[in-house]
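Student: I have not looked at this structure before, and I would like to learn how to read it step by step. Could we go through it together?

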Amino acid sequence: MDRLDFSIKLLRKVGHLLMIHWGRVDNVEKKTGFKDIVTEIDREAQRMIVDEIRKFFPDENIMAEEGIFEKGDRLWIIDPIDGTINFVHGLPNFSISLAYVENGEVKMGVVHAPALNETLYAEEGSGAFFNGERIRVSENASLEECVGSTGSYVDFTGKFIERMEKRTRRIRILGSAALNAAYVGAGRVDFFVTWRINPWDIAAGLIIVKEAGGMVTDFSGKEANAFSKNFIFSNGLIHDEVLKVVNEVVEEIGGK
């Protein structure tokens, strides 16, 4: 079975479930704290994805946000709802993320945003696509031309924005790392910086950006993989400048 076609169809199916409950969730649970939440819809969406993978790829392993942490040379990485806070509050920037990793390398990734009717995907060596149209990273070579983005991270975000708002056109916080990373591939934003993030949040976006001609490194400037903890996604042209600012912030906060 073609993994990419399987993944796109599956995430669109799960997207229908999410749209039924979008902005209408009654029970919200805390995980590690009040900023880290989960709903029964997260769990149901994950069950749907896991069941289909088990059915069609029974010999392969799964890592999923809500409690599945298998290891293996052939690994599916799942985020059933990336941006649960947006989902609960009726904001449209949430997504479902699914990636396939072989021997530590991301081979395929799909990010589907059901409220926006957007599906971004890539497969190794085949390019990156947005609703069927080929995409490329932006060609902006100066930070003054750029719209950048980051997530909301205690200690890091405020200081990063403070430095970047004087250098860039704008900094945005969308609330879904998977979608934000994929948007770098689509040229909608020129860079995206994440701080201490999990594989399910960025694995699919990683290959989308690479296949769209972009660059992805960790905060040391080394090529990132799905299991790196900190990431800079960019069009490549302004990567060094973003990396410099990131390291200024990390130094200021003492590498917290």
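Student: How far apart do the C-alpha centres of domain 1 and domain 2 lie?

Tutor: In this predicted model, the C-alpha centres of domain 1 and domain 2 are 21 Å apart, and the contact takes 38 residues from domain 1 and 25 residues from domain 2. As for the bounds, the domain assignment of the chain gives residues 1-132 to domain 1 and residues 141-251 to domain 2.

Student: How much area do domain 1 and domain 2 bury between them?

Tutor: Between them the two domains bury about 2200 Å², and 69% of that area is on carbon and sulfur atoms. On the side of domain 1, the residues that lose the most area to domain 2 are Asp82, Val106 and Leu120, which together account for 21% of what that side buries.

Student: Now to the helices: by what are two packed helices described?

Tutor: The general idea is that two packed helices are described by the angle between their axes and by the distance between those axes. Here, helix H1 (residues 3-21) packs with helix H2 (residues 40-56) at an angle of about 160°, their axes being 10 Å apart. Because angles over 145 degrees count as roughly antiparallel, H1 is roughly antiparallel to H2. The crossing of these two helices, H1 and H2, is right-handed.

Student: Which residues of H1 and H2 meet?

Tutor: On the H1 side they include Phe6, Leu10, Val14 and His21, while on the H2 side they include Ile41, Met48, Ile53 and Phe56. By class, the contact of H1 with H2 has 12 nonpolar, 1 polar and 3 charged residues.

Student: At what angle do the axes of H5 and H6 cross?

Tutor: The axes of helix H5 (residues 177-185) and helix H6 (residues 199-211) cross at roughly 5° and come within 8 Å, which means that H5 is roughly parallel to H6. Among the residues that meet are Ala177, Ala181 and Gly185 in H5, and Ile202, Gly205 and Val209 in H6. By class, this contact of H5 with H6 has 8 nonpolar, 2 polar and 1 charged residues.

Student: And how are H4 and H7 placed to each other?

Tutor: Helix H4 (residues 156-164) and helix H7 (residues 239-252) pack at an angle of about 135°, with their axes 10 Å apart, and H4 and H7 are therefore oblique to each other. The crossing of H4 and H7 is right-handed. Their contact is made by residues including Phe156, Phe160 and Arg163 of H4 and Val242, Val246 and Glu248 of H7. The residues of the contact of H4 with H7 divide into 8 nonpolar, no polar and 4 charged.

Conventions
Residues are numbered from 1 along each chain as its sequence is written. This is a predicted model: local features need pLDDT of at least 70, side-chain atom pairs count only at pLDDT 80 or more; totals for chains, interfaces and linings use all residues. Side-chain values use heavy atoms; hydrogens and water are left out. Axes are lines fitted to C-alpha atoms, for helices over the stretch in contact, and angles run from 0 to 180 degrees between N-to-C directions. Helices (H or I, at least four residues) and strands (E, at least two) are DSSP runs, numbered from the N terminus. Angles under 35 degrees count as roughly parallel, over 145 as roughly antiparallel, 65 to 115 as roughly perpendicular and the rest as oblique. A crossing is left-handed if the near helix is turned anticlockwise from the far one by less than a right angle, and right-handed if clockwise. Contact means heavy atoms within 4.5 Å. Ala, Val, Leu, Ile, Met, Phe, Trp, Tyr, Cys and Pro count as nonpolar, Asp, Glu, Lys and Arg as charged, and the others, Gly among them, as polar. Domain bounds come from an automatic or database domain assignment. Buried area is the accessible area (1.4 Å probe) that two parts lose on being put together, summed over both.
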